[in-house]
Amino acid sequence: MKKAIIFLFVLAFGSVNAQTIDSTVTSISAVKIQPIKAQFSDSLMSTHLGVRVIADDLKTTATLYWELLMSNGAVSVNGNYTIQGQDYKDWCNNSTPCNLWPFVLVGNKYGLTFINEKK
């Protein structure tokens, strides 16, 4: 009986360990942009701008992580962009939808042209 209990404990512990979620694998929301060659060494054009909020004090400042994605999904270049001042106040308080505002700020900062796929 003692061996059966130990066996069940080991089996249950092994099952819990096998189902660990890898939180380092995440996706990023992206919008389509006019294809550009982000780096001289790139063999493919960057076709999407991905943006994710990585920090937000919910009062005056937010930090965005952005990346230009090539047509094969690989990251060409990336960086951080900080929203503060009037840009932060305008988030959700202007004619641009809240979920698109970070894309607009980063896109304007780096001179990207967005493509509207709705026809």
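Colleague: How do the residues of the lining of the largest pocket divide into nonpolar, polar and charged?

Modeller: Ala, Val, Leu, Ile, Met, Phe, Trp, Tyr, Cys and Pro count as nonpolar; Asp, Glu, Lys and Arg count as charged; the others, Gly among them, are polar. Here the lining has 6 nonpolar, 2 polar and 3 charged residues. This is a predicted model: local features need pLDDT of at least 70, side-chain atom pairs count only at pLDDT 80 or more, and totals for chains, interfaces and linings use all residues. Residues are numbered from 1 along each chain as its sequence is written, and side-chain values use heavy atoms, without hydrogens and water.

Colleague: Which residues in the largest nonpolar core touch the most other members?

Modeller: A nonpolar core is a set of buried (under 20% relative accessible area, 1.4 Å probe, protein chains only) Ala, Val, Leu, Ile, Met, Phe, Trp, Tyr and Cys residues joined through side-chain atoms within 4.5 Å. Of its 17 residues, L49, V51, W66, Y81, I83 and V106 touch the most other members.

Colleague: Is T61 buried, partly exposed or exposed, and why?

Modeller: Exposed means over 50%, and partly exposed lies between buried and exposed. T61 counts as partly exposed because its relative accessibility is 25%.

Colleague: What does T61 touch, not counting residues up to four places away in sequence?

Modeller: Contact means heavy atoms within 4.5 Å. T61 touches D56, T82, I83, Q84 and Y88, with residues up to four places away in sequence not counted.

Colleague: How far apart are T61 and D87?

Modeller: They are 26 residues apart in sequence and 9.2 Å apart in space, C-alpha to C-alpha.
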